[in-house]
Structures are given as structure tokens and as C-alpha cells.
Amino acid sequence: MSLAPIVRVENVCKSFRRGSEQIDVLMNLSLDVPEGEFLALMGPSGSGKTTLLNLIAGLDRPTSGVIRVGPETISDMSEARLARWRTRNVGFVFQFYNLLPVLTAYENVELPLLLLPMSKAMRKQQVTTALDLVGLSNRMNHRPGQLSGGQQQRVGIARAIVTDPTLIVADEPTGDLDTRSAHEILDLMVELKNSLNKTILMVTHDPKAASRAERILHLEKGQLVSETVPGAPALDSRITSEPTA
Amino acid sequence: MNSIDEVLLRFTSDWRNPVGIAALALVLFVAILYWEQTRFMLKSLRRNVLRSVLTGMATFILVLVITLVWSILAFLDRQTAAKSENLKAIITEKYQLPSQMPISYATSLAEGAPRNAGDYRVNPAKDSMLWAFYGGTLDPNKKTRENIIFFFAMEPSKIISYDNRTKKYSSMMDDIDQATDEEKRLLNDACREMEKYPYKVLVGPTRLAQMNKRVGERFKVTSLNYKEIDLEFEILGEIPGGRYELSAAMNYQYLQDAIESYNKGKSKDKQHAMTERTLALMWVRVPDMDAFERVAQQISSSPEYTTPAVKCDTASSGIASFLDAYKDLLFGMRWLLVPAILVTMSLVIANAISISVRERRVEMAVLKVLGFSPNQILSLVLGEALLIGCTSGLISGWLTYFLINDLVGGLALPIAFFGKFFISDAAPWWGLSIGAATALAGSVLPAWSARSVKVSEVFSKVA
Ligand SMILES: Nc1ncnc2c1ncn2[C@@H]1O[C@H](COP(=O)(O)OP(=O)(O)O)[C@@H](O)[C@H]1O
Ligand SMILES: [Mg+2]
């Protein structure tokens, strides 16, 4: 595992306005993720996990602070540029899969590729590879409604990796699945990390899911409070807002 | 100046409309270039087939109504548009309707009544035409509608003639220009035949069917407006084109000869009452408004036309004054009905599209996550609306055209002398552009709201 950080979050604050009230969700948060790491984010509901993930995936911009992914500083890109950047660099896995119901599994996976200059044959090759990888090449022409939850989530993962992004972010990817399907999905994520060297950021509630990651960060009230390494005895290394270097 | 009118008229009345073709080509080009996206939009539309179909139907029906209304308006416009070239002066009796002038007026009127050197002189052989009306019944005991026939009596050479030197047909009738060469040749042959045998006549197809007669048959007419001048005719052929379905055309000379032979040997007071009253109107073609003014001046100042006095109008001014009676109705159609329909269409589309956008907020957010830019999302929504609008508009315009013109054979307008009217050739283009414009107008707001969907708001559910 290379130690060069692929994701660098520096002193990031994020607040939302609701009416006249200002809600500070993330407070002066810093974080490094080395390339190829499988990182889990845990924390109570409302602690800001999704918000942090969205910022790293370039779905939103921080109120202050800098976010770098690879060579790019994404915290000051325009919305349109961020969109283009996301296509190539981030694969997103949702809790509720969010496949488009009108499209087949194949077409759902193909969707992000339509944004890239690519021939139909090339697209086909990449889509089949991705579906192969998640073990669904025999369900290509099924619509989401015809697939089980676990299968839908695997299509979701295929869609996330089809553009071959460096970074995969997953927001509670097993939150809606039964234990067995959840287990399969986690196996798949570990596999992505191991064989394709993808960097994976996963938000989860489930300690069992988190234990499959290499490192677990605990978020509370918008701040990272501790870091654990699964398998190792609980390191009581309470971190404040310093970067973990 | 006036040629702009011409261009506009052509623009709105010809299917070979360059803008229309370009627009369709563009739509197809974009649809094919972004075929994957188009397919995606089609699939999204298929998700709620009922709603898409209903929206399309609404567009379809409204385009149909607009096409009908516009066709009538364009038709009337064309009739009233003051043309600058080849103006037609219509000379009629000044104080009486129906106009009944002595045929002795014809010779000088046909030249535009020049009296002095330097006066404007019309070429009577090519640029003037006399009209008389002869009507009667096939069966004097049964004056039913089917039995009554009405002839335009005219000079066949003015309907059409062929100039061997220039190898061109000339005609006083506007419609003839649009006929094919073959049609012109046939009509020319028929007119020469009418000159040779003045009892031969042309009859409109519908009238012919009503009379239950065939080409080649002979029939006798007991006149209603020329008492005792009963004539025998032979049907030479049908009048081509849609405008004269119910009419019939005869050689004026036949009528004139019949009156003369009736009067032969009779003293002045025993002569036929219509003797000095056969000429209903004269057409005189002049190249421009200036020539028209001069001819009108020559005629009105001439001492020759005093009992009865005559007047001179342009064709369009005559129709324009006639249409004046319908001014409010036409105004309402143009400025109230049509805009109201357009607004309704936009609202129907806006309603359907905004519902479907609201239903798919999460989906739009997912597309954004996948890397679709705000403008791409905007285009997807606009594209869906455009697909419905363009398709149903184009089909509706074309179908209206096909149904009215080809299947029904034209609509009879309840305005006296216009005869049948037809849907403009450009109707499919009208449909396409109306469909596109209303779809755009209706989907701009929903598309904008889809464009501004905030991903973080859709997915960061409040804990
Ligand atoms: N777009 C938003 N507008 C207003 N408040 C928001 C928005 N997104 C998140 N929040 C608030 O930020 C806090 C953290 O949300 P989130 O990151 O979704 O928490 P988690 O994923 O850890 O449960 C919550 O209190 C939530 O209400
Ligand atoms: Mg969350």
C-alpha cells in the first residue's frame, strides 16, 4: 500500500442555513486518505458523515477549507467542472441503490460512460467487464425491479467502477440489505481494493461492516474523535482536529 | 417592400419551406447525434405512458385547431394581400348589383380606355378578360339545386393560350400558374376546342356528378337569367383543380351569338331585354399600382361609360372590403383564439413535465452524482418535452393536411365566393414549430428546477 494521500481534507468547515438558523455540520475537520485504502466512517446519525462524504465526492463545496483529490483541488471548482471531474474520478454507491428504473442493468451501468467520448464497442467492453466483476453478467437485461436488493446493489457497484475511478465512496451501502447480501457486498468491496487498488470510503452504522475496512474513523458532532484499526486492540488514540499524518 | 409579403406568403404556404426542412433536419440530427440520450428520454417518457400520451394528444388536438385557423387566415391573407405586380383591375357597373354592362364597353375597356396619345394602353389580347354569367335549369319543371347550372361565360383564349413564338402559356387565371405542364397542355387543347365549337363546355367534377352526366353527353338548359335564350351544350371535359368544383365554363361567343340570332329581324323594342346588359365584369391586368391608377383614372374620366357608369377596383381591394364584415371575427381568431390555444398548450406541457420532474427529483440528483452537469440535466428535461411536442406537432400538422386536402378534398368555407379552401402545404412545419415552441415554453421552468436540484439536499436526509 502506497502512503501518498490521494484524498486530503484540510481544515474543512461546512455549515448549512435553515431559515435564519445556521447549522455547523463539520467543524475544522482534517483528514488524509492514502491511495488504495479501504476506510470506514462511523458515527451517530446526524454527525455529518454523509456531508463529509459528499464534500470528498465533489457533490458539494465546503464553507471553508481545502479538499484535494489526487492532483486537483476540488473545493474551488465550479459546479459544471465538478460534474465533469466526478465522471472520471469518483464512483458513488448509494444506500438505496438508486438505479434508474427504466433502464436495464446494462444500461444503468453504461450511463456514466455516455458522458465520456467513447465508442459503443468500448462502452460495451467496459460495461461487461464491470458486470462480470460483480458477478451479474447473466442479469444484464434485467430491470432493477426484477433484481433483488443485493443484486441491485451489485449493479450499483458496477456503475460506480465502470469509469475506472480512483475513488469509490459508499454511503451505508449495506444499510438496506439482509446479512447475507451485506456480506457479499462487503466481500466485493474488499475485492475491489485488493485486486484493483481502489481507494474506498465507506460510511456505515454497522460495526461488522466497518470491521472489513483497514481503518475506521469515528465522527461525532462534526469532528473526528477517534481512529481504530480492525483486528488490533482498540487504540484509544483520541484525535482532535489535527491531520492524521 | 412588397416582395417581403411574397416571401412571407411563400414561407407560410409551401412544404418546401427551407426553415421547416432545416428545423426537422436539425431535430433529427441532434436526436441521432445524441442517440443514447434520446433513447434515455424515450424510456423516461415510456415510464408513464398514459401521461406522455395524454400530453401528446393535447398538443395534437391544439395543433390541429391552430392549423385549421391559420390555414383560413393565410388563405384570406393571400386573397387580400395587395400585390404589387400583375395587379388585376376589376371593372364593374358602378351603381348596380349584379353588374350588367353593354358588351360594347368591352373593346375599349379591354385596352384600359386610352383616349389620348400617352395614355396607358393595356394589351387586350393578353391582359384583359371579359366575364358574363349564364344560368339555367336542366329541367324547367324541376328547379332543384341539382338541376340548376351556372356558367362563367368568357373567352377561352384568356383561360389559357399558347404562344408558339415564346413557347409559353399565358393565362388570366392565377391558379393556372400552379398547374403542371401536362395539365396546361390538356386545358389548352380544351380551350381551342371551345373556340372551334362554342357549344362545348367545361364542368366542375362535383357539379358533373350532381347532374349525373358524363363527358361527351349533351344537355339543354332553360335559362333563368336570359329568358328564352335556351342553349344546348356538350360536355367537353372537367375543370381541373379544386376551386371550381361546382362551376361551369362556356365560350362567351355562344351566348352573344344566341342573343343576336334572337334579335334578328326584331325591332328595337322587341329585342331581348338583356341585349345591352351581358357584360358582368372585365378583368384588366396591369403591371403595377401606378399603371392601375392611370387606368382607373382613364376609365372614370371617360365620357364613354356613363349609362351605366363603371368603377374600377383591384381584386384584393374588392375582397378586402368584402372581408371587412368579418373583421372582428378574424381579429378574434388571430389575436385571441390562437394565442389562447398556444398558452393552453404550454400550460398542459408545463403541468405534465413539472409533475414528472417532481417525481424524479432523486433520479435527477443521481444523474448529477454520476457526473451529469446541470446543463445536461436541463437538456434532458427540455429534450423530453421537445420529443413530445415536436412529434405530436409534426404528426398533427401533417395529418390535418392529409385528412382535409387528400381525404376530404378541401373544406367548404361558408364565405360566399371563395369556394373550397385547403390546408397549407406548410402545415407539418407549423405543427413542428408550434409543438417545439410550446414544449420549450412549457418546460423551461420545470427544466430549470431540475437543473438546480441540490444533491446534498436530496441525499443528506435530515437525521
Ligand atoms: N442540505 C442540507 N441543508 C440543511 N441541513 C443539512 C443539509 N445536509 C445535512 N444537513 C444537516 O447536517 C447534519 C448532518 O447531516 P448528515 O451529514 O446527513 O449526517 P449523517 O450522514 O452523519 O447522519 C444534520 O443535522 C442534517 O440535518
Ligand atoms: Mg447519512
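**A ligand site shared by two chains**

Residues from chains A and B surround ligand 1, so the site is shared between chains. This is a predicted model, in which local features need pLDDT of at least 70, side-chain atom pairs count only at pLDDT 80 or more, and totals for chains, interfaces and linings use all residues. Residues are numbered from 1 along each chain as its sequence is written, chains are lettered from A and ligands numbered from 1 in the order in which they are written, and side-chain values use heavy atoms, with hydrogens and water left out.

Me: How many residues surround ligand 1?
Reply: A residue is near a molecule if one of its heavy atoms lies within 4 Å of it. The closest to ligand 1 are A:Gly46, A:Gly48, A:Lys49, A:Thr50 and A:Thr51. The residues that surround ligand 1 number 15.

Me: How far is an oxygen atom of ligand 1 from a polar backbone atom of A:Gly48?
Reply: A polar contact is a pair of N or O atoms within 3.5 Å; within protein, one must be able to donate a hydrogen and the other to accept it, and residues adjacent in sequence count only if both atoms are side-chain atoms. For the side chain of A:Arg18, the distance from an N or O atom to a ligand oxygen is 3.2 Å. For a polar backbone atom of A:Gly48, the distance is 3.0 Å.

Me: Which element gives the largest share of the shell around ligand 1?
Reply: Helices (H or I, at least four residues) and strands (E, at least two) are DSSP runs, numbered from the N terminus. The largest share is 3 residues. That share comes from H1(A).

Me: What area do chain A and chain B bury between them?
Reply: Buried area is the accessible area (1.4 Å probe) that two parts lose on being put together, summed over both. Carbon and sulfur atoms carry 64% of the area buried between chain A and chain B. The area is about 2,400 Å².

Me: Which residue forms a salt bridge with A:Glu107?
Reply: A salt bridge is a side-chain nitrogen of Lys or Arg within 4 Å of a carboxyl oxygen of Asp or Glu. The count between chain A and chain B is 3. In the one with A:Glu107, the closest N and O atoms are 2.2 Å apart, and the partner is B:Lys43.
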